Amino acid sequence: MKYRTQSIAYAYFACAMALFAVQMIGGLTIGWIYVQPNFLSELLPFHIARMIHTNALIVWLLLGFFGAAFFMVPEESEREIWSPALAYAQLAILMVGTLGAVAGYLVGIHEGREFLEQPLWVKFGILVAAVMFLLNISMTVLSGRKTAITGVLLTGLWLLSLLWIFAIINPDNLSLDKLYWWFVVHLWVEATWELVMASILAFLLLKLTGVDREVIEKWLYVIVATALFTGILGTGHHYYWIGLPGYWQWIGTIFGTLEIIPFFLMMSFAFIMVWKGRRNHPNKAALLWSLGSATIAFFGAGVWGVLHNMHGVNFYSHGTQITAAHGHLAFYGAYVAINLAIITYAMPILKGREPYNQVINMGAFWLMTGGMAFMTFTLTFAGVIQTHMQRVLGDYFMQVQDELGLFYIMRFVAGTAVVLGAFLFIYAIFVVRRREIVEPGSANPAPPVSHSMPGE
């Protein structure tokens with residue numbers, strides 16, 4: 001490592017991977033409950049297991065983003081992190097809050113708002129931790145070199161922290177409650193998190209391809225502009241059926257459809273930078289995760305989102321398994337994969353080693369991606385059938401669920417593959433067994449990893 005305080009990222013990545021494992025186990029559990037509805041019904045009801053699954057996902061992704069920032073910002077700013085003690089205190093607050101929330105869920109203490117079920121004290125704890133993080137990173141950036149990557153990263157992190165305030169506000173009016181709820185849920189995953197994803201992707205491509213910073217920064221600015229332009233008004237595709245004025249149906253349809261653009265640009269950006277760089281970097285696994293993230297995000301968040309966010313279609317498909325298909329592939333591509341990409345790139349540097357276990361790591365990528373793709377197609381077909389039977393023919397909800405049993409079995413099989421891939425990734429990252437068998441080729445090889453060149 002060139003900067004001592006980059007080691008802070010290791011603690012964040014380790015905690016993120018622990019929660020990643022919890023999320024995977026929780027997801028597999030509720031996948032089986034779809035097949036056998038009475039499984040653990042007394043000990044761990046479905047809605048509690050689902051809270052653990054979704055909340056673990058959100059927190060570990062945030063920990064990954066924070067860890068990525070602590071790794072990237074010193075190199076970009078050419079400065080040590082302003083206060084390492086503050087960074088570790090923030091991590092402790094987040095982990096205590098997470099464990100407290102899970103303990104509360106298990107005994108029935110929660111607020112009941114999907115994804116925002118955390119008790120009020122946990123929400124305030126998250127807000128305090130976010131303020132500590134923003135102070136720490138902002139002071140580091142302000143005292144050092146300013147780059148487009150750190151600017152976009154900070155913009156995304158500041159905005160997602162400010163939007164968290166709406167998670168604390170819980171009005172009695174249901175329409176207003178859902179409005180504020182979408183301020184957090186949509187404007188996180190389809191606006192501010194896109195900025196964080198784009199900045200991490202730009203950093204990785206800068207290091208992995210060797211393309212000039214100026215070229216990468218121009219692409220980054222275009223991606224950010226389109227993400228904010230489409231994402232903010234695109235929130236309207238969630239406003240169709242929550243009691244808001246009818247004009248949101250057209251605004252949501254138009255701008256929701258345009259939300260595919262920044263994801264297409266990110267995918268194009270990744271492949272064009274690799275093509276322009278023509279560089280044989282030794283960390284093949286990090287490059288695979290980077291390209292995979294951009295590609296899967298385009299299909300999951302972009303294509304599958306556009307499939308059913310137009311109000312004429314959404315009238316029938318809203319809340320069906322089509323939504324679940326879109327959500328799983330979008331989160332995996334846009335945010336899970338980009339976190340795993342930066343972890344794959346950073347961990348050899350944090351451990352002071354050449355890239356290692358790349359064959360296992362890349363095997364984990366294909367196992368998780370293949371499982372997630374099969375799950376997405378399974379849920380999509382299930383959603384189409386559900387939409388027709390429930391929303392067109394008018395069959396009862398539980399009757400339709402019984403008819404979808406075969407799809408839920410296939411979804412569980414796909415989920416098993418994803419979970420196996422996840423644990424294979426965790427093993428590849430933390431267990432170093434022997435020297436890596438993947439070596440740089442002879443055509444334009446990249447220099448080896450060393451303490452003097454930590455980013456190369």
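R50 is partly exposed, with a relative accessible area of 29%; on this scale buried means under 20%, exposed over 50%, and partly exposed in between, using a 1.4 Å probe and the protein chains only. Its side chain meets that of E114 in a salt bridge, 2.6 Å from N to O. E114 is partly exposed too, at 30%. R50 sits in helix α2 and E114 in the loop between α3 (84-106) and α4, so the pair ties together parts that lie 64 residues apart in sequence. Helices here are DSSP runs of H or I with at least four residues, numbered from the N terminus.

Before going on, a word on what you're looking at. This is a predicted model, where local features need pLDDT of at least 70, side-chain atom pairs count only at pLDDT 80 or more, and totals for chains, interfaces and linings use all residues. Residues are numbered from 1 along each chain as its sequence is written, and side-chain values use heavy atoms, with hydrogens and water left out.

Back to the charged pairs. A salt bridge means a side-chain nitrogen of Lys or Arg within 4 Å of a carboxyl oxygen of Asp or Glu, and by this rule the count comes to eight. One of them joins K123 and E111, whose closest N and O atoms are 3.1 Å apart. This pair links distant parts of the chain, with K123 in helix α4 and E111 in the loop between α3 and α4, 12 residues apart. K123 is buried, with a relative accessible area of 0%, whereas E111 is partly exposed at 30%.

Now move along to helix α8 (residues 213-234), which holds both R213 and E217, four residues apart, or about one turn of the helix. Their side chains form a salt bridge of 3.9 Å, N to O. R213 is partly exposed at 24%, while E217 is buried at 18%. Salt bridges with shared partners join E76, R213 and E217 into one network.

Volume is the space filled by probe spheres set on the points, with grid points joined across faces, edges and corners. Searching the whole structure turns up three cavities of 30 Å³ or more.

The largest cavity has a volume of about 70 Å³. Its lining includes L62, F66, W164 and W188, and the elements giving two or more residues to that lining are α2 (46-77), α4 (120-142) and α5 (148-163). By class, the lining has eight nonpolar residues, one polar and no charged. Here Ala, Val, Leu, Ile, Met, Phe, Trp, Tyr, Cys and Pro count as nonpolar, Asp, Glu, Lys and Arg as charged, and the others, Gly among them, as polar.

The second largest cavity holds about 50 Å³ of space. Among the residues lining it are N283, T344, Y356 and I429. Helices α13 (321-351), α14 (358-392) and α16 (405-430) each give two or more residues, and α13 gives the most, with three. This lining divides into six nonpolar, four polar and no charged residues.

Notes: On a 1 Å grid over the protein atoms alone, a cavity is a set of points where a 1.4 Å probe fits but cannot get out, and a pocket is an open set with protein on both sides within 12 Å along at least five of seven lines; lining residues have an atom within 4 Å of a point.
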